[in-house]
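User: Hi! I'm new to this one. Could you walk me through a few spots?
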Amino acid sequence: KLIYNKYTFGTSMSRDIAIGDMFRYSSTLSEQPLQFKDGEWKDLLTSFNGDTITVTGRGDIGHAFYRREPFDAIIRLLVLEKKYNLDCRYFAYFIEDVIHFFTNSAAIGQLSAVQVTPYAICHPTLAEQQAIANNTTE
């Protein structure tokens, strides 16, 4: 597996930008997709468009996945939706393989959006993002 970081690739155009400055985030907390409320069953699934990133927020935390297709999210999942034109595949790779999230929980690890969004990620040009993503997803 190739490993890239801000010291092994990029140009003078590369810079570190906080995740929260590039992505809007949503958290899914419900463990039950259906709930009986007001005399009827309600669908509690949260639907998202494709071309997003999900990050595990409970248990084995911090695993990032690129989601190409629309999906429904349940349980403890952080969803990152891009604010502008960038390659989510690259950022999912960077979060998964370069960033290591730490928690102070002694029991089951938990990761919240507030903990994720301040992390800075190397932000190369869009062409470099695409080249790296193409190379790491082969």
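User: Which residue in strand 7 does Thr54 stand opposite?

Analyst: Thr54 stands opposite Phe65 in strand 7. Strands here are DSSP runs of E, at least two residues long, numbered from the N terminus. Before we go on: this is a predicted model, where local features need pLDDT of at least 70, side-chain atom pairs count only at pLDDT 80 or more, and totals for chains, interfaces and linings use all residues. Residues are numbered from 1 along each chain as its sequence is written, and side-chain values use heavy atoms, with hydrogens and water left out.

User: Thanks! How many bridges pair strand 6 with strand 7?

Analyst: Four, and the two run antiparallel; strands count as paired if DSSP finds at least two bridges between them. Strand 6 is also joined to strand 9 (residues 77-82) by four antiparallel bridges, and there Thr56 has Leu77 as its bridge partner.

User: Is strand 6 buried or exposed?

Analyst: Five of its five residues are buried (under 20% relative accessible area; exposed is over 50%, partly exposed in between, with a 1.4 Å probe and protein chains only). Thr52, Thr54 and Thr56 lie on one side, with Ile53 and Val55 on the other. In a regular strand, side chains alternate between the two faces of the sheet.

User: New topic: what does Arg24 touch beyond its sequence neighbours?

Analyst: Setting aside neighbours within four places, Arg24 contacts Val79, Leu80, Glu81, Lys82 and Lys83, where contact means heavy atoms within 4.5 Å. Arg24 sits in strand 2 (residues 23-28).

User: And how far apart are the C-alpha atoms of Arg24 and Lys83?

Analyst: They are 6.4 Å apart, although 59 residues separate them along the chain.
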